[in-house]
Every structure is written in C-alpha cells, then in structure tokens.
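Please keep the structure in view while reading.

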Amino acid sequence: PALKEAPSEGNDGGRRYDVQKLLVVGEVALAVLLLIPAGLFVRSLQAAHAIDPGFDAEKLVSAPLDINLLRYTNEQGREFYRTIVERAERLPGVESAAIARLAIMTGDGRVMGLMVEGRPEYPDEFVFGQGAGVVTSDPTRINANVVGPGFFRTLGIPLVSGRDFDAHDVEGRPPVAIINETAVRMHFKGGNALGARVSFNARQGPWREIVGVVGDSTYAELGEASLPVAYLPVGQHHESGMTLYVRASVPPASLIASLRREIQELEPNLPVAGIETMTKTIGKSLYAARMGAWLLAGFGGLALLLAAIGIYGVLSFSIARRTREMGIRLALGAAARQVFLSVVRDGMTLVGVGVVVGLISGFVAARSLAGFLYGVPTSDPATFAGTATILIAVALVACIVPARRAMRVNPITALRSD
C-alpha cells in the first residue's frame with residue numbers, strides 16, 4: 001500500500017521510460033543486424049585464404065602486354081611474344097615464363113561452342129555461339145583460354161595425362177587442344193578424352209585433337225565451382241593482348257622492376273603498368289569482401305557502443321524512478337543480491353528481445369550477400385552465435401554498473417527522500 005500511494009513521477013516520465021526501452025531494443029537489433037554481415041565477411045576472408053586455386057600463386061608475377069594499339073601484324077605479334085618470353089626466362093631468379101590470353105583471377109572469361117566428334121545428339125541447325133562470360137554445365141559450351149608453351153608448368157598446374165603444348169603446335173600443323181579434368185568428366189562420359197577430336201566452330205571445324213588433360217584450377221575468380229576449360233595453343237590461335245606469367249625462384253616482388261625494364265627495352269611504346277604478384281591479384285579480388293568487413297564492423301561497433309550506452313542510461317533512469325521502492329524492499333529484508341539480479345534481469349530482457357529481432361533480420365538480410373562470400377553459407381551458425389554472444393556480453397557489462405549502484409541504496413536515505 002505504501003508503494004501504491006507513493007507520489008508518482010508523472011505520466012511523462014513513464015512514457016519517456018517506455019520510449020527509451022523501445023530505443024534500446026532497436027539499438028541492440030541494429031547492432032546485431034550490422035555485426036552479422038561483418039562476421040560473415042570476416043569468416044569468408046578466412047575461408048578464401050584457405051582455398052586452393054589449383055596453381056602456385058606464391059611464386060607468380062603477371063604482366064599485361066596489350067599490343068592492340070601498336071598496330072602489329074600477326075607475325076610481328078608472334079615475334080614480340082616469343083621474344084619477351086625468352087628475355088623473361090633469362091632473368092636471374094626466373095624459373096619459367098609463358099603467356100595467356102585471359103588473365104586468371106581477374107573475373108574475365110570466354111565461352112566457346114563445343115562439339116565432340118562422333119556424337120549424334122547435335123542438331124544440324126544448332127548454332128554454337130561464342131562470347132564473354134563463364135559457363136558451368138552447358139553440354140554445348142566450354143570455357144576457353146589461349147595459352148603459350150610452358151603455361152601449365154609456369155603456373156604449377158599439374159599435367160594429368162598426355163602432353164603440353166610445344167613449339168611445334170603452330171599454324172600448318174594438326175590443330176590441338178588441352179582440357180581440364182572437369183571438362184573430361186562433363187563432356188567425355190567414358191573418362192578418356194586423349195585422342196578425341198573436338199570443334200569449337202561446330203561442324204565447320206577445324207577439328208582439334210585433345211593431346212593433354214590438366215588439373216582443375218581457378219579460371220575467373222577465387223571460390224568458383226570447378227569449371228570445364230579448354231586451352232588452345234597461341235601458335236595456332238594467335239591473338240593480341242596477352243598476359244605474361246613468370247614463375248620465380250626468388251621473392252616474386254623482386255622481379256617486377258627487372259621485368260618492367262625488359263618490356264620497355266623491347267617495346268618502349270608499350271605501357272608497363274599493372275605488373276604485380278599473383279598474391280596481390282588475389283588480394284584485389286577480395287577487395288569487396290575486405291571493405292565490406294571493415295565498413296560493417298565499424299558501423300556494427302558503433303551500434304554496439306550506442307546500445308551499451310542506451311542500456312546503461314535506461315537502467316540508470318529506472319533506478320532513479322525506483323529508488324524509494326528499492327529502499328522499502330531492502331528495509332523489509334530483501335537481499336542486495338536480489339535487487340542486483342532484478343536490475344540485471346530488466347536490462348537483459350530488453351537485450352534478449354533486441355537480439356532475437358536482430359538475428360531474424362540478419363538472417364533475411366544476409367541472403368543478399370551470397371555472391372560476395374567464399375566458402376561460408378549466409379546462415380553460418382558460428383557467425384550468428386558469435387554475434388549474439390558478443391552482444392550479450394557487452395550488454396551484461398552495461399547492466400552490471402547500474403545494478404551495483406542499485407544494490408547499494410541506503411533504505412533510510414531512500415525513505416527520507418519523500
């Protein structure tokens with residue numbers, strides 16, 4: 001009866017308290033919503049560094065050689081590429097060098113039509129188109145790249161069977177091709193592709209004999225599923241705008257200056273920007289994930305701080321409103337520990353509601369991040385559990401300070417305040 005008859009702080013105080021509680025719930029939910037994507041990006045970066053790209057990235061340097069604007073004839077272009085490979089291989093610390101049309105790990109891709117000789121299932125009117133992009137499982141399409149001799153040895157891609165391209169694979173000699181293991185599984189059900197003939201231009205040909213099978217490796221971007229890939233020899237399929245790959249026996253970064261010098265000496269008009277180690281290329285491919293992790297972690301940390309301040313403020317306001325009540329409870333024999341737990345329970349109830357709302361919202365929002373994650377599902381249990389644990393731990397600390405102040409309320413002082 002004494003508590004019920006006590007003077008009230010007024011309706012405005014009660015309404016303000018309710019609004020503050022709602023704001024705390026919203027702050028906690030927002031912190032969870034921001035920290036979940038940040039945690040997914042961090043976990044994704046950890047998984048990305050553990051991905052095996054299928055080649056020896058730690059020893060590679062790449063140098064783009066865009067001679068399209070130099071108006072070279074085909075013969076001049078072939079001579080330029082042959083010479084730069086030879087000069088690169090003569091540099092101290094270089095094990096081997098090779099060229100490729102598509103730079104790996106840059107997101108570029110090329111799709112070509114595929115016809116396997118002797119298969120009756122291709123309709124006569126079927127058009128085998130070619131273009132940019134990446135194909136995963138189309139039985140009439142395959143990803144393609146044009147490479148020079150020694151490409152697989154330079155990158156460290158294992159030769160599973162057959163042979164590599166060599167200096168004899170040029171125009172006027174029988175056309176050849178090499179495919180990877182995924183292409184064998186997808187397009188050659190018997191598992192034996194060596195000696196088979198394929199065409200990348202439907203029945204018009206030329207028909208190319210498959211002379212080798214290599215291991216799977218990253219084609220366009222890190223974390224992609226195993227893709228079917230065909231490799232054509234640059235000697236039989238000349239193109240300008242190649243990328244030079246150098247395999248180093250020394251720290252790769254130490255070769256950049258000498259490699260740039262060789263290119264400038266051979267062709268002073270050729271831009272030499274963009275020479276970099278393969279580890280840097282991989283790092284650039286993870287830029288979006290890394291920036292997402294930093295930004296979301298920053299905003300999530302700020303939201304977490306605001307939530308902690310809000311919890312502290314709401315509980316402090318609640319204690320100020322309930323000082324007389326606590327004094328009476330303590331005077332009637334309530335233990336200080338009971339008052340402490342009562343205040344903590346009030347604060348953690350708000351936190352619990354906010355965490356549940358944030359986890360549900362985070363689960364829905366995380367689905368839009370699927371294309372940016374490597375090897376981590378958008379519903380990763382470790383991320384969700386870790387985020388909730390962090391929020392609860394921080395909130396508990398924010399609750400303890402006002403709760404300790406509440407348990408120290410002097411009953412006599414509290415009652416005399418009226």
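On a 1 Å grid over the protein atoms alone, a cavity is a set of points where a 1.4 Å probe fits but cannot get out; a pocket is an open set with protein on both sides within 12 Å along at least five of seven lines; lining residues have an atom within 4 Å of a point. Points are joined across faces, edges and corners, and a volume is the space filled by probe spheres set on them.

The model is predicted: local features need pLDDT of at least 70, side-chain atom pairs count only at pLDDT 80 or more, and totals for chains, interfaces and linings use all residues. Residues are numbered from 1 along each chain as its sequence is written, and side-chain values use heavy atoms, with hydrogens and water left out.

**Cavities**

The structure holds 2 cavities of 30 Å³ or more. In the table, Ala, Val, Leu, Ile, Met, Phe, Trp, Tyr, Cys and Pro count as nonpolar, Asp, Glu, Lys and Arg as charged, and the others, Gly among them, as polar.

| Cavity | Volume | Lining by class |
|---|---|---|
| Largest cavity | about 40 Å³ | 7 nonpolar, 3 polar, no charged residues |
| Second largest cavity | about 30 Å³ | 7 nonpolar, 1 polar, no charged residues |

The largest cavity is lined by Phe 55, Ile 104, Asn 145, Phe 151, Leu 155, Ile 157, Ser 217, Thr 218, Tyr 219 and Tyr 231. Around the second largest cavity stand Leu 114, Ile 142, Ile 179, Ala 183, His 187, Phe 188, Val 198 and Ile 210.

Leu 114 sits in the loop between β3 (110-113) and β4 (115-116). Helices (H or I, at least four residues) and strands (E, at least two) are DSSP runs, numbered from the N terminus. Leu 114 has a relative accessible area of 3%, so it is buried. Buried means under 20% relative accessible area, exposed over 50%, and partly exposed in between (1.4 Å probe, protein chains only). Ser 199 is 85 residues from Leu 114 along the chain, yet their C-alpha atoms are separated by 5.9 Å.

**The largest pocket**

The largest pocket holds about 470 Å³ of space. Its lining has 21 residues, and the closest to its centre are Arg 78, Arg 82, Pro 149, Val 234 and Gly 235. Two or more lining residues come from each of α2 (74-89) and β2 (94-100). Helix α2 gives the largest share, 7 residues. By class, the pocket lining has 11 nonpolar, 3 polar and 7 charged residues.

How far apart are the end C-alpha atoms of α2? They are 23 Å apart, which agrees with the 22 Å that its 16 residues should span at 1.5 Å a residue. The expected span is 1.5 Å times one less than the number of residues. Buried in α2 are Gly 77, Phe 80, Tyr 81, Thr 83, Ile 84, Val 85, Arg 87 and Ala 88. The buried residues of α2 pack against β1 (60-65), β2, β12 (242-248) and α5 (256-266). Contact here means heavy atoms within 4.5 Å.

**Nonpolar cores**

A nonpolar core is a set of buried Ala, Val, Leu, Ile, Met, Phe, Trp, Tyr and Cys residues joined through side-chain atoms within 4.5 Å. The largest has 76 residues; Phe 55, Phe 151, Tyr 231, Met 278 and Ile 311 have the most contacts inside it. Helix α1 (residues 11-49) supplies the largest share of this core, 13 residues. Another core, of 43 residues, lies apart from it and includes Phe 200, Ala 230, Met 242 and Leu 244.

Phe 151 belongs to helix α3 (residues 151-155). Phe 151 is buried, at 1% relative accessible area. Leaving out residues up to four places away in sequence, Phe 151 touches Ala 98, Ile 99, Ala 100, Ile 157, Asp 164, Tyr 231 and Tyr 245. With neighbours within four places in sequence set aside, the contacts of Tyr 231 include Asn 145, Val 147, Phe 152, Phe 165 and Val 214.

**Positive phi**

Most residues other than glycine have a negative phi. Arg 71, in the loop between β1 and α2, has a positive phi near 60°. Arg 71 counts as exposed, at 78% relative accessibility. Met 105, in the loop between β2 and β3, has a positive phi of about 65°. Met 105 counts as buried, at 3% relative accessibility.
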